[in-house]
Amino acid sequence: MLIFSILFLSSYFSTAIPVESFPKTEILIVMRSTKSNLNSRVQLALDTWSPKALAQTILLTDRTEVDFSEKKLRRVETTNCGSGHSRNDLTCKVQRAIQLAAETKAKWFCHVDDDTFVNFEKLEKLLASFDSSKMMYVGKQSIPQGIKITNAKTIHFATGGAGWCLSKHLVSKLTFKNLMEEAKRLGLPDDVTVGALVQDLGVPMTDVNAFHSHLEGLQWLNSPENEISLSYPPEALQNGNFERSIRYASSTDPTGLLTLSRKMSKL
């Protein structure tokens, strides 16, 4: 069954990169994207993330028609996953991200979407306070009471829009799971399925309030520079509406992230 799963998944993913080709780092970030976001969301991330964060980030997409060779990304990984927002397309990319994490020597793997801003210094400080040799699942709980699947089972999971992190030990356990098959069997989104698989391993989620998704409405944050992850509402890039963006947003910077990035570079 395991051999079948590996062969099945290989049809979706490009050729695996040998472990030795990855430099040793403490944290590997995988940013999930799609071809329609490369000139918008991804470009904004490249313009606002710190050089240190980008150097430890793999951009994972379905197709790339944009030349990122001059950017300081760790690499760009193109998969055969679909470009849509379906459960199968999104879960396919998460599965590949976990495989990439398993191939590296990083102590931590963090998964984010392309509309996420990562405060790398804060992320480093947080993860350094944990033991990566233990199985750890770190993020922001999406629903306080969890999702009730059956009368006997409730899943507590980290919201994908805010980003989540796994210790290397936990990554090694998840590589034996077929995330796509599990998501289909459970009928759940990718982030909930990750939470379900982690929970089945007996690992509780470490809830950290400094992770934030666009679903929250982040205009209430007093000091965005003190948070670990931030996002912005879709309308910020679509039509310039910045009412629910962070406090630094304006008509010329509807997400507020360009202003935030400049402020942080001066700290």
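Buried means under 20% relative accessible area, exposed means over 50%, and partly exposed lies in between (1.4 Å probe, protein chains only). By that rule K140 is buried, at 14% relative accessibility. This is a predicted model, in which local features need pLDDT of at least 70 and side-chain atom pairs count only at pLDDT 80 or more, while totals for chains, interfaces and linings use all residues. Residues are numbered from 1 along each chain as its sequence is written, and side-chain values use heavy atoms, leaving out hydrogens and water. Helices (H or I, at least four residues) and strands (E, at least two) are DSSP runs, numbered from the N terminus.

**Salt bridges**

- Side chains of opposite charge can pair when their charged atoms come close.
- The structure holds 13 salt bridges, each a side-chain nitrogen of Lys or Arg within 4 Å of a carboxyl oxygen of Asp or Glu.
- One of them joins K140 and E216, with the closest N and O atoms 3.1 Å apart.
- K140 sits in the loop between β6 (137-139) and β7 (147-150), and E216 in the loop between β10 (205-207) and β11 (229-230), so this pair ties together parts that are 76 residues apart in sequence.
- E216 is partly exposed, at 30% relative accessibility.
- Another salt bridge pairs K52 with E124, where the closest N and O atoms are 3.2 Å apart.
- That pair links distant parts of the chain: K52 belongs to helix α3 (residues 51-55) and E124 to helix α5 (residues 120-128), 72 residues apart.
- K52 is partly exposed at 46% relative accessibility, and E124 is also partly exposed at 25%.

**A linked network**

- R75, E77, R96 and E103 are connected in a network of salt bridges.
- Within it, the side chains of E77 and R75 meet at 2.6 Å, N to O.
- E77 is buried, with 1% relative accessibility.
- R75 counts as partly exposed, at 24%.

**Around D62**

- D62 is found in the loop between β2 (57-61) and β3 (75-78).
- D62 is buried, and its relative accessible area is 4%.
- The side chain of D62 makes a polar contact with the side chain of K93 at 2.7 Å.
- A polar contact is a pair of N or O atoms within 3.5 Å; within protein, one must be able to donate a hydrogen and the other to accept it, and residues adjacent in sequence count only if both atoms are side-chain atoms.
- A polar atom of the D62 side chain also lies 3.3 Å from the backbone nitrogen of K35.
- Not counting residues up to four places away in sequence, D62 touches S33, T34, K35, T78, T79, C81, G82, S83 and K93, where contact means heavy atoms within 4.5 Å.

**Helices α7 and α8**

- The axes of α7 (residues 179-186) and α8 (residues 190-200) come within 10 Å and cross at roughly 100°.
- Axes are lines fitted to C-alpha atoms, for helices over the stretch in contact, and angles run from 0 to 180 degrees between N-to-C directions.
- The two helices, α7 and α8, are therefore roughly perpendicular to each other, a label for angles of 65 to 115 degrees.
- From α7, L179, E182, A183 and L186 meet T193, V194, A196 and L197 of α8.
- By class, this contact of α7 with α8 has six nonpolar, one polar and one charged residues.
- E181 lies in α7 and is partly exposed, with a relative accessible area of 28%.
- The C-alpha atoms of E181 and T193 are 10.0 Å apart, and the two residues are 12 residues apart along the chain.

Conventions: Angles under 35 degrees count as roughly parallel, over 145 as roughly antiparallel, 65 to 115 as roughly perpendicular and the rest as oblique. Ala, Val, Leu, Ile, Met, Phe, Trp, Tyr, Cys and Pro count as nonpolar, Asp, Glu, Lys and Arg as charged, and the others, Gly among them, as polar.
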